[in-house]
Amino acid sequence: MDASTETAAQSGALDATAPSPAVAGSNNARPASNAIVSNTNTAAAAVAAAAVEDDDTEGEGEDVAPRFEDWAGRWDHIDKLLVRRGPFAQPTFEPCVELRDFLLEQCRILVIGAGGLGCELLKDLALSGFRNIDVIDMDTIDISNLNRQFLFRQKDVGQSKALVAAEFVNRRVAGCKVTPHFCKIQDKPEDFYRQFQLVVCGLDSIPARRWINALLVSLVQYNDDKEIVPGTMIPMIDGGTEGNCVLRFLQFSVRLFVGLSFTALFCVAGLLYQGFKGQARVILPGMSSCFECSIDTFPPQTTFPLCTIASTPRIPAHCIEYAKIVLWPQAFPDRALDTDDPEHINWLYLEALKRANEYGIQGVTYRLTQGVVKNIIPAVASTNAVIAAACASEAFKLATGCSSQLNNYMQFNGQDSLYTFTFEYEQKPDCLVCSNIPLDFACSASEPLRALVERLSEQPFQFKAPGIRGLGKTFYMSAPPSLELSTRPNLDRTLAELGLQDGAFLQVADVAVPLPVQLKLQFRP
Amino acid sequence: MTSASMIVDRKTQRYDRQLRLWGDHGQAALESARVCLINGSATGTEILKNLVLPGIGSFTVIDSEKVSGADVGNNFFLDADSIGQSRARVVTELLQELNTDVSGNFVEEPLQSLLDNDVEFFRPFTLMIATQLSSKMLARVSEVCVKLGIPFLAVRSYGLIGYLRLQIGEHCVIESHPDSPMDDLRLDRPFPELLSYLQQIDFNTQDGFQHAHIPFLAILLKHLLEWKASHGGLPPKTSKDKDEFRAEIQRARRIKEDGSRAEEENHDEAITHATKAWHVSSIPSEISALFADSNVDNLTATSSPFWIMVRSLRDFVMAEGEGLLPLRGSIPDMAADSDRYIRLQHVYQERAKHDVAAFTAHVHRHLAELGLPLGTISDDDAKTFCRNAPFLRVIRARPISDELASATSKLTDTLNFHLEDPDSSVAFYVLLRAVDLFFEEHGRFPGAGDDQVEEDIAPLKQYVVGLLTDLGVSQHAIKEELIHEMCRFGAAELHNIASILGGLASQEAVKVITRQYIPFNNTFLFNGITSTSSTVEL
């Protein structure tokens, strides 16, 4: 971290002083409450316009919603932090009741994901005083969600998570305005995201987190002095409950953490087991490490080589994969496998069992079949609660500046005893997304473009369908099919034949990242 | 296709994601659990929420308060209409609504009067949880739980600080679910069936597929035996030895027709996992410590199945086990053909079965000697016990009332160690006790009113100083800022801290109820200012 980052990070609170597009016109830190009301309505109307699916929010006036009258004592608990001076508050923190009004009326926060973490986040934020909350999720409710996603009931199965969750919270928490968006995050334009002062992610998908992270980093604008333009940096608070690979954190932990035994514990612990683990982190785009900086700490999905599955199966999962990949398409060439259909799973289970018996492999069960086919990660209410509330607490502190901040990564492990481990994840100097410098890419003049495309599918890129441009030309496009066809011959041309020289720049676009990544070719001698 | 509804019932579908963690037997334990919650605070309802969702049998909320405006502000299981009503009743109704499988009950009688007049009321509970109690009441509930032998979790949210304390008499865990357990492979002490398996492997085959699919365990064992034969029976010791050992495996790759070495994944695996060759099979120190427990030597007819099995395990180790625990019987997946892999797996599994049988004979002998029916410990119990033998754990989390009554030298040492670090979350342990002392004298918490923050700092500091002396750690000071911050908190119960604790406490409750995974022992302090924490035994 350099010095400017330090100051910026400490300036804390999503300062109400920073003019932000969402609350256009509210450039006064502590405006009189009337002013807040009118501004809020403008912002609320903007949200309503941007909302995709908000036609069934009940009883809400379309344009001018009256300010909600709170009952006596409602905010007594959070007020203790907001109206009182605190030794650990941000330097900009000025205790006052208007700060609560900012939270209630002006601050706009986006929750990504309305699943295990998302349900918790909506509740936590609503009870922390956030009133203008948007939630986005493309998923529908499944019965297996009900053991932890507490805003859903049996009768809601099949409906949109975002809609049902928003409706529940709005009903329970008087005055709260959760606006649901039943769609993919990629379906929303950049301007949608610009409206918010904070983004909190409760996602189980790495690609989705990668995408939103890159988008938020791209929104940061710098002035001529290379300082961040106030209001363009939208903090991202990211929660996750996957057991990610913390082995790499050893170097940080030795330096930053006094209890070495804890460190050792985490190193052994981080690899495989899931269910009682998670992490919460605060990402200040352009100031602190971003999600992409740590992308390689997430374990790749286990895949088995096809030859093992086909000719040397040894464990139950090999038999299940065989049933899924080989037998299903053979038996039902015209029917796609629906992993949510219990009859389909049952068919796979019986076929896998047959194959396992042929080879003398034990342990194929229906539950395992379902787990392997759907890549199920065990999940419980408790872990979601811990991680989501840790994220919501950071959101509350960031929005108000009432306290210090998590700096910047907290790992939680509840498998053996209870431990958290907090450390500063440092920016990766050559991070694909936040370093602002083209990534050096080792290659040679004589290799075909195809080799380069293949390397882009590996770490750290993991690009599935790249489009490659440079020197003002398009070298290769994976989609649409017509462009793919016309650029395909380039795959077999060498870099030299394509006119690329040492030090040339390439722009690579992919669905994984919202903006193209810059590569600088470094020819091997 | 058979009807899918026959395979998975509604409950199995609903609980699928947790059944994959604690299994059907863990779920059965949860479903028969009766949990008692003292105080339907935000912290309390957040704990119960996470227990009602996974399906505990029943819960009972003890709370004599009426719902206040501030309660509705921080508690999701209250709404604006409930102000002025019975808090116990409203939270019970709204929690119950989460899961119709769970039975919810409430008691509006004050805790104090239950403690004074009806201690037996608490006897049926599997677990007691108290939230937002200050030290004095905590000590009283703690004593009742000790008396009735009920595990007890104390949970408290105070401003940005969280406190969690477990009290449990003796908690024996067989299925501790270790994270990445070491495989028990016994290459250093190969059993006869493993040696005869090795003899059936043709290491000199010219068939490329066959050679590349010899299980790496066989490769390692072959090279280890050869190494020992030429090194006076000793395995590779020095790093030079070990490099040489790996080089030998490197040279064992098949030579292709063009004279180069074949790329063989099984040999790669053998080299990667070479440490397994010189790994010394032994009994983990935790298990040796268990063998020395007085429960093991003094079996009686009232001994629990756990201790009878630990005794039988020790007997096995001293007899058939020849100094080792029963073989676990599992091997990792490896690049190998199906036939030889499965035969190898079979060799290990058969040996494990053989060990289980020998262990079970010891169990039966002890049961007979104690005059207990053989069915007291089933064959499945014995099998599960053997499979988990290296990971058994016993937790004893001492009574909170003892901790509060006087400072033991262990407590003093622990505090001393942690207060060395001025930023340790353990400082909040002292501060939480200090605000309770303040409360006892003033009838309110420091900073209760907005105008009392500054004026309460000095008196609270006095309590802190006095407490540090009483705890035997007067050489340490608590930072002035922390004392100020505690006054600023004014005992606020923030929803986020309540929810973090709700998650942590419910997780520990599940561990206690299912007797799976290892609970914390015995104090957890969360610092929500920096999102850091400490786990200490006090």
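Is Cys107(A) buried or exposed? At 0% relative accessibility, Cys107(A) counts as buried, where buried denotes a relative accessible area under 20%, exposed over 50%, and partly exposed the range in between (1.4 Å probe, protein chains only).

## Basis of the model

This is a predicted model, in which local features need pLDDT of at least 70 and side-chain atom pairs count only at pLDDT 80 or more, whereas totals for chains, interfaces and linings use all residues. Residues are numbered from 1 along each chain as its sequence is written, chains are lettered from A and ligands numbered from 1 in the order in which they are written, and side-chain values use heavy atoms, with hydrogens and water left out.

## Chain B overall

Chain B contains 24 helices and nine strands; these are DSSP runs numbered from the N terminus, helices being H or I with at least four residues and strands E with at least two. Of its 538 residues, 59% count as buried.

The accessible surface of chain B comes to about 20,900 Å², and carbon and sulfur atoms account for 51% of it; the areas come from the Shrake-Rupley method with a 1.4 Å probe, and for residues only the protein chains shown count as cover. Among contacts (heavy atoms within 4.5 Å) in chain B between residues at least 6 apart in sequence, 70% join residues at least 24 apart.

## Cysteines

A disulfide is a covalent bond between the sulfur atoms of two cysteines. With the criterion of a pair of cysteine sulfur atoms within 2.5 Å, a search of the whole structure finds zero disulfides over all chains.

For Cys391(A), the closest cysteine sulfur belongs to Cys201(A) and lies 8.7 Å away, too far for a bond. Cys391(A) counts as buried, at 1% relative accessibility.

## Salt bridges

Over all chains, the structure holds 63 salt bridges, each defined by a side-chain nitrogen of Lys or Arg within 4 Å of a carboxyl oxygen of Asp or Glu. One of them joins Lys161(A) to Asp139(A), with the closest N and O atoms 3.9 Å apart. Lys161(A) lies in helix H6 (residues 161–172) of chain A and Asp139(A) in the loop between strand E2 (132–136) and H6, so the pair ties together parts that are 22 residues apart in sequence. Lys161(A) is buried at 5% relative accessibility, whereas Asp139(A) is partly exposed at 38%.

Glu292(A) and Arg210(A) form another salt bridge, their closest N and O atoms being 3.0 Å apart. This pair links distant parts of the chain, 82 residues apart: Glu292(A) is in the loop between strand E6 (277–283) and helix H11 (306–311) of chain A, and Arg210(A) is in helix H8 (residues 206–219) of chain A. Both count as buried, Glu292(A) at 2% relative accessibility and Arg210(A) at 3%.

Asp340(A) and Lys374(A) also meet through their side chains in a salt bridge (2.9 Å, N to O). Asp340(A) sits in the loop between helix H12 (316–331) and helix H13 (342–359) of chain A, and Lys374(A) in helix H14 (residues 366–374) of chain A, 34 residues apart. Lys374(A) is partly exposed, with a relative accessible area of 23%.

## Surroundings of Glu351(A)

Glu351(A) is placed in helix H13 of chain A and is buried, with a relative accessible area of 18%. Leaving aside residues up to four places away in sequence, Glu351(A) touches Ala323(A) and Leu327(A).

The side chains of Glu351(A) and Lys354(A) are joined by a polar contact of 3.2 Å. A polar contact is a pair of N or O atoms within 3.5 Å; within protein, one must be able to donate a hydrogen and the other to accept it, and residues adjacent in sequence count only if both atoms are side-chain atoms.
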